[in-house]
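Welcome! Keep the picture beside you and look up each place as we come to it.

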Amino acid sequence: MPRSLLRSWSLHRGDLDGFLALSLNNLITLLLAVGLCRSVLGYSDMLLFSTIIPASGVSLLLGNFAYARSARRLSRQESRQDCTALPYGINTVTLLAYIFLVMLPVKLGALSAGLSEAEAVEASWKAGTMACLGSGCIEVSGALVAQQLRRWLPRASLLSTLAGIALGYISLGFLLRSYAYPVVGLPTLAIICLGYFGRVRWPLPTGLMAVLLGIGLGWISGLMPQDPIAWERGLGLVALHLPVLQLSALWDARMDLFPWLGVIIPMGLFNVVGSLQNLESAEAAGDRYPTGNSLLINGLGTVVAAAFGSCFPTTIYIGHPGFKAMGARAGYSSLNGVVMAAICLLGGLGVLALLVPIEAGMAILLFIGLSMTAQAFQSTPRKHAPAVALGMLPGLAGWGAMLLKAGLRTGDVGTVDAPFGEALIGELAGSDIWAKGLFALEQGQIITAMLLAAWLVYLIEGRFRAAATCSGIAAALSWFGILHGWTFSTGDTVVQLGWGAGAPWALAYGLVTLTTVAARPFHDQSAKT
């Protein structure tokens, strides 16, 4: 093999840290998928570890290698060695949406129709694979128009949306878990902050130091399970599980696509817009990747996952600046693809869940969340800071809605005997918790954040027509329920699409649009912002 090719695939010091952060993120998502499929859907270990997880492993391998190759190509084109590959993995938000809004309703419907448990599980899995395929097709199609969207949207609108998600779902979420298990969470957080922010050079890479310390503290503190039955079950899953094309299952489920387009289309668009934001984030950090090609890789990765039987789309992860700050290049992505594929194909998830506490690596993900939030302010003009702050709020609201509903379900609200309903809204309002607004912001939160931030950026710039266009788009999307359209299910709030589904918000955005247009003649162009 030529020496130059060997050098191009070599690992650098930062690649190990990047690999630990990305693989841990992938691992957490896969463990979440396994746990929910077992507990909520009743899937067997055979279906999970012989079909779904190996299919996910194939998509992770191909996508990570493709993004690593893109990073090496960019390095050659720009004659520099510090290009960081786009982070890639399973989309956690879509995973949750498909489990609770597609796969679970299909299973419950099949059971109510008199099908056996096994038949209901099979119908649920097939519907999930078809939803995954639909999402992949939307992502592939989005590659054709994404560059035009990216040119129109200001950077503050793209980065602030990511910052809101990073603060809520990553930073706050893992910070709470760190304080729930402080003996493991806080010392590892100190290692990460000292290494990345305090510029302390540990004997080992900072991420590895944190994970090793976390594993040791996890075992010493008794955090890890000691149940021999759990170990026997985990070890029994270790075997070679080669993926098999599931084209017949997709064909059988082809008619299941249409009833769930109300979930699939918004989630597919969510992935496209999220990928745009992550590409903007990467460019702000110094790595400018082609939009169409990057989205095409993402979409094809999801299509491959569905073809082999996975129900879970893949995506470009947020956090590129964090990986770049670690010194990761292309090698971390290739290494992640190989290792995650091996874990998925060899049934290693069951054992890893017993060996490595998630708390051991949470500090790395917390660092990535902080880096994303800081970048939203650092990489945009100072005068756009209010727009960045505004764009962060819908993501935080979405995270808050998730916490609120989980708390209510824990208190036995959201069951058949005590379903979610309008009375709940009034009771919460009496405690100054405006759940109606929270649930409205939760639906379409990523698009809402983007449009609100763009609207304010254009106002700051004195571009009132562009601002009115943003609020006008929000009005149109709200009318059809894509933004803010929601309704109660038994134990959740779900998107409600249809003509006039979000009429109150559409009317409000319409008034905002008229006000924005009417304000243009009164604009003081001499005033400083």
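Let us begin with Arg199, which is exposed because its relative accessible area is 71%; exposed means over 50%, buried means under 20%, and partly exposed lies in between, using a 1.4 Å probe and protein chains only. Arg199 sits in the loop between helix 8 (182-196) and helix 9 (206-220). Helices here are DSSP runs of H or I with at least four residues, strands are runs of E with at least two, and both are numbered from the N terminus. Although Arg199 is not a glycine, its phi is positive, at about 55°.

Asp432 is another residue other than glycine with a positive phi, near 65°. You will find Asp432 in the loop between helix 19 (422-429) and helix 20 (435-442). With a relative accessible area of 58%, Asp432 is exposed.

What you see is a predicted model, in which local features need pLDDT of at least 70 and side-chain atom pairs count only at pLDDT 80 or more, while totals for chains, interfaces and linings use all residues. Residues are numbered from 1 along each chain as its sequence is written, and side-chain values use heavy atoms, with hydrogens and water left out.

The pLDDT is the predictor's confidence in each residue, from 0 to 100. The chain has a mean pLDDT of 86, and 95% of its residues reach 70 or more. Among the elements of the chain, helix 23 has the highest mean pLDDT (97) and helix 1 (residues 3-8) the lowest (41). Over residues 1-8 the pLDDT is below 50, and this stretch has two contacts in the model beyond near neighbours in sequence; a contact means heavy atoms within 4.5 Å. Where pLDDT is low, the predicted coordinates should not be read in detail.

## Aromatic rings

How many aromatic pairs does the structure hold? There are ten. Rings of Phe, Tyr and Trp (its six-membered ring) pair if their centres lie within 6.5 Å; planes under 30 degrees apart count as stacked, over 60 as edge-to-face and the rest as tilted. For Tyr67 and Tyr88, the ring centres are 5.4 Å apart and the planes meet at 50°, so this pair is tilted. The pair links distant parts of the chain, 21 residues apart: Tyr67 belongs to helix 3 (residues 45-78) and Tyr88 to strand 1 (residues 88-90).

Are these two tyrosines buried or exposed? Tyr67 is buried, with a relative accessible area of 1%, and Tyr88 is buried too, with 0%. Elsewhere, Phe420, Phe439, Trp486 and Phe488 form one aromatic cluster.

## A buried glutamine and an exposed one

Gln375 is part of helix 17 (residues 362-378). Its relative accessibility is 4%, so Gln375 counts as buried. Leaving out residues up to four places away in sequence, Gln375 touches Leu159, Ser281, Ala284, Ala285 and Pro321.

Gln525 lies in the segment after helix 23 (503-519). Gln525 is exposed, with a relative accessible area of 71%. From C-alpha to C-alpha, Gln525 and Leu167 are 35 Å apart in space, and they are 358 residues apart in sequence.

## One more stop

Finally, look at Leu149, which is in helix 6 (residues 146-152). Leu149 is partly exposed because its relative accessible area is 36%.
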